[in-house]
Amino acid sequence: MDQSAEEPVPQSPLKGVLWMCTAMFVLVGQDAISKHLTQDYPVSEVIWARFTFHFLFLLPFIAPRLMVLAKTRQPVLQISRGLLILGASGTVVTALHFIPLAETIVLFSINPLIVTALSAPLLKERVGPRQWAGVVTGFLGVLLIVRPGFAAIQPASLLLLVGATSYALSQLITRRLGQIEDTRTTVLYTGLSCSIVMSAIVPFTWVEPDLLGWVLMSGAGFLSLLGHLAATRAFQAAPAATVSPFNYSGLVWATLFGFLLFGDLPDGWTVVGALIIVGSSLYVLARRRRIKREEISGN
């Protein structure tokens, strides 16, 4: 069925929020499975499983229009987006092997601030001084978590910042592709490119999974697909400004899963840093909405 022929989803802010909270619950659950898998399998194999099984579970939904959706006017941008998402996912899975789940999610959640910082030079978007202040404040929250000079810096924490930057760049490309390409085409190329790259790498580090390993790997891929579908449903049910702040419900789930499954609880500095990052991101989001309203009213 053509996207244009699909019936619009009735708008409901409450349903949008519930869908987003569900999406974050599922996606953090996927990360928890990935963290468990890295204890027995190479990181490359866990990353391969996430993308490959995600793609395989997605395939039945897009198979009827596969040849149509495979046509793209921007192959370079599509592949670049896929590789950036692969890099971001790789840093997350690697970090999960070394640091607690909650700290991983907190540090990676800096990416909305990075998007704001990069949107000015790369997309020529207007970023006001108050937004810049929010970005700087958010990075101060990162420093509280990493605490350079006060403790041995965990390299995985720094790697996450690289991953967050990679993901932020992919989001900027997504903005561009969203104006000219079918969303399903973008999803197809992301899954396909990531699966091909990891399938070429994983034989060199392959460890044969047992039955439980296969179940968990396929489960991670299924949860990845389910989480992204729930997030899509959230944005269909309510405006982005309503549901976006509930991305941070993932911090609650990460803390819960980290404690129940791995016995980890974030320390006081991490909690304070997380509050600063979340507060800064929400402030920047509010300022962005106001600037857009001013631009629209100005026109």
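Predicted model: local features only at pLDDT ≥ 70, side-chain atom pairs only at ≥ 80, totals over all residues.
One of the elements packed against α2 is α9. For a pair like this, the description comes down to the angle between the axes and the distance between them. Here the angle is about 140 degrees and the axes are 9 Å apart. That makes the two helices oblique to each other, α2 against α9, and α2 passes α9 in a left-handed crossing. On the α2 side, the contact is made by S44, I47, W48, F51, T52, F55, L58 and I62. The α9 side supplies V187, L188, G191, L192, C194, S195, M198, S199 and I201.

Where does E208 lie? Look in the loop between α9 (183-201) and α10 (211-237). E208 is exposed, since its relative accessible area of 55% is over the 50% cut-off. Leaving aside neighbours within four places in sequence, E208 is in contact with Y41 and W214. Y41 is 167 residues away from E208 along the chain. E208 also has a polar contact, side chain to side chain, with W206.

| Pair | What is compared | Distance |
|---|---|---|
| E208 and Y41 | C-alpha atoms | 8.6 Å |
| E208 and W206 | side-chain polar contact | 3.0 Å |

Definitions and conventions. Residues numbered from 1 in each chain as written. Heavy atoms only, no water. Helix = DSSP H or I, 4+ residues; strand = E, 2+ residues; numbered from the N terminus. Buried < 20%, exposed > 50% of the residue type's maximum accessible area, 1.4 Å probe, protein only. Contact = heavy atoms within 4.5 Å. Polar contact = N/O pair within 3.5 Å; in protein donor to acceptor, adjacent residues only side chain to side chain. Axes fitted to C-alpha atoms, helices over the stretch in contact; angles between N-to-C directions. Parallel < 35°, antiparallel > 145°, perpendicular 65-115°, else oblique. Left-handed = near helix turned anticlockwise from the far one by under 90°.
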